Amino acid sequence: PGSMQDRTFTALAEAGDDVTVAGWVHEVRDLGGIAFLILRDKAGKIQVKFEKDELDDELVETGLSVHRESVIRVSGSVEEEPRAPTGVEVTPDTLEVVAEADPELPLDPSGKVDAELSTRLDNRTLDLRKDEPKAIFEIRAAVLQAVREAFRDHGSTEINTPKIVATGTEGGTELFPITYFGQEAFMNQSPQLFKQLMVGSGLERVFEIGPIFRAEEHNTPRHLNEATSIDFESAFIDADGAMDVLEAVVTAAYEGVWENAQPELEALDRADDFTVPDGEFERIPYEEIIEMVNATGALDEQLVWGDDLPTEAEKALGEELGEHYFITNWPSEVKPFYIKDTDDDPAVSTGFDLMHPRLELVSGGQREHRYEKLIAGFEQQGLDPEAFEYYTKMFRYGMPPHAGWGLGAERLIMTMLDLDNIREAVIFPRDRQRLSP
Ligand code: ATP
Ligand code: AMO
């Protein structure tokens, strides 16, 4: 047994090489005089050939009795073999069982037997031995890398804000309370207030990719209790400026996947119909959206100004528009205290959402940066401005106009890959029923 480093990935084994490969027993096929073992690793699979007459009996016995999904290490010579799945095969000199797997597995990583999502989530280690689920997380990594690069290209600094906080920001009912050395505290719902505080600092333009926690009571295919939020906030831009950056970031995410994750798109059977957006999404004021929804006739009752969009309305719009679109200028009353009203009409806000035809991806807007107006906004929403003093105080020391948004990473991946359930985009999702693993 050598060190783990001196193994070769299966995909790099070429005819003529002497290699050591290590990985999982994907399959064993015993044809009598000859038998094959398919060994799988991160990079792919390779066939190991057992010509029983030619090999040491003990080696053959070990290789053919090992249970599926055990970890083995094989050293041998690689030869060309057109009938082998990858065109080459290994004739083993030594074979070592590194870690034996139980004969009974809770799910079948070879993918021959389908498993329920809950079984898959309970056994993610085995589940992510399969190409499709594994591809989702390689793509997720490509998305986050592209997003980071796009933010950097836009002069934005990555920050990390606290996840144990003293106040909520997105409505009091969805907070997870915790105790913090005898004091009331909460899991953070959004980095909203902290990212805003940073636009008034010397950093000016910031982004964060981090967890948000929401005590959503309902169990839906598009809500998580712990999600990953991609947040942006910048000094000296308005809502349109924030939407420009959002278009660039979302487009970069699609481009990054297209350029760096082709094999994974193929594994998910998405390579043929994957389209990178053209970088501009239609910006439609809420007022027009209401008319559009009413004109579809999809709802039993007509929407009126001030209504939130029911799911059926989002669905009808998605079908009509067929691609990403913005809903801008939401009524002020449905948006949180930190969203600025338009200058012309205090009933109309600068708040916007980015919609995917299937669901909402992003909320954002220009922020109220004027101290007196901010305090008045708290009072209007029945919040005690004193509890937020750590935040409001800084608006007295030079807070520039600013805008930003929050994009749910899992919703981005879910819509990009057309996944049915948002849980597919999280390795270990948190929902009403699921606290472990
Ligand atoms: P719009 O009217 O669409 O908001 P603008 O050209 O009027 O655009 P300004 O608010 O005048 O934009 O801001 C000037 C420019 O500086 C903008 O393009 C904005 O993106 C950029 N900017 C603002 N803050 C930063 C920063 N911290 N780092 C880099 N660029 C920044
Ligand atoms: P909002 O509450 O709309 O806005 O959240 C922003 C985005 O985060 C995602 N998201 C979720 N994803 C999965 N499960 C959830 N329970 C969940 N909740 C939210 C969605 C949503 O569009 N502070 C503002 C943003 C801002 O104005 O900058 C905010 O949190 O994709």
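In ligand 2, an oxygen atom lies 2.7 Å from a polar backbone atom of L361. The protein buries 93% of the 630 Å² that ligand 2 exposes when taken alone. The structure in which this is found is a predicted model.

An N or O atom in the side chain of E360 is 2.6 Å from an oxygen atom of ligand 2, and a nitrogen atom of the ligand is 3.0 Å from an N or O atom in the side chain of E216. In total, 22 residues surround ligand 2, and the closest of these are Q192, K195, R214, E360 and R367. The shell consists of seven nonpolar, seven polar and eight charged residues. At least two shell residues come from each of α5 (192-199), β15 (359-366) and β16 (402-408). Of the elements, β15 gives the most, with five residues.

Ligand 1 may be considered next. Its surroundings are formed by G155, E204, R205, S234, A235, F236, I237 and D238. By class, this shell divides into three nonpolar, two polar and three charged residues. One contact comes from a side chain: a polar atom of R205 lies 2.7 Å from an oxygen atom of ligand 1. Backbone atoms take part as well, with a polar one of F236 at 2.4 Å from an oxygen atom of ligand 1 and a polar one of A235 at 3.3 Å from a nitrogen atom of the ligand. On its own, ligand 1 has 620 Å² of accessible area, of which the protein covers 44%.

A hairpin of two residues joins β14 to β15, and the two strands pair in the antiparallel sense over five bridges. Within this pairing, D353 stands opposite S363 in β15. Strand β14 also pairs with β13 (residues 325-328), again in the antiparallel sense, over three bridges; here Y325 stands opposite M355 in β14.

In a regular strand, side chains alternate between the two faces of the sheet. In β14, F352, L354 and H356 point one way, D353 and M355 point the other way, and all are buried. Strand β14 (residues 352-356) is thus mostly covered, with five of its five residues buried.

The last topic is charge pairing. Side chains of opposite charge can pair when their charged atoms come close. The structure holds 34 salt bridges. One of them joins the side chains of K163 and E208 at 2.7 Å, N to O. Because K163 lies in the loop between β6 (157-158) and β7 (164-165) and E208 lies in strand β10 (residues 205-213), the pair ties together parts that are 45 residues apart in sequence. Both K163 and E208 are buried.

A second salt bridge, between R432 and E217, has an N to O distance of 2.7 Å. R432 lies in the segment after α12 (409-416) and E217 in the loop between β10 and β11 (226-235), so that the link spans 215 residues. R432 is partly exposed at 48% relative accessible area, whereas E217 counts as exposed at 58%.

The side chains of E314 and R222 also meet in a salt bridge, at 3.6 Å. This pair connects helix α9 (residues 311-321) with the loop between β10 and β11, 92 residues apart. E314 is buried at 12% relative accessibility, and R222 is buried at 18%. Finally, a network of salt bridges links R120, R124, D127, K130 and E424.

Definitions and conventions:
Residues numbered from 1 in each chain as written. Chains lettered and ligands numbered in written order. Predicted model: local features only at pLDDT ≥ 70, side-chain atom pairs only at ≥ 80, totals over all residues. Heavy atoms only, no water. Near = heavy atom within 4 Å. Polar contact = N/O pair within 3.5 Å; in protein donor to acceptor, adjacent residues only side chain to side chain. Areas by Shrake-Rupley, 256 points an atom, 1.4 Å probe, with all protein chains shown as cover. Nonpolar A, V, L, I, M, F, W, Y, C, P; charged D, E, K, R; others polar. Helix = DSSP H or I, 4+ residues; strand = E, 2+ residues; numbered from the N terminus. Buried < 20%, exposed > 50% of the residue type's maximum accessible area, 1.4 Å probe, protein only. Pairing = 2+ DSSP bridges. Salt bridge = Lys/Arg side-chain N within 4 Å of Asp/Glu carboxyl O.
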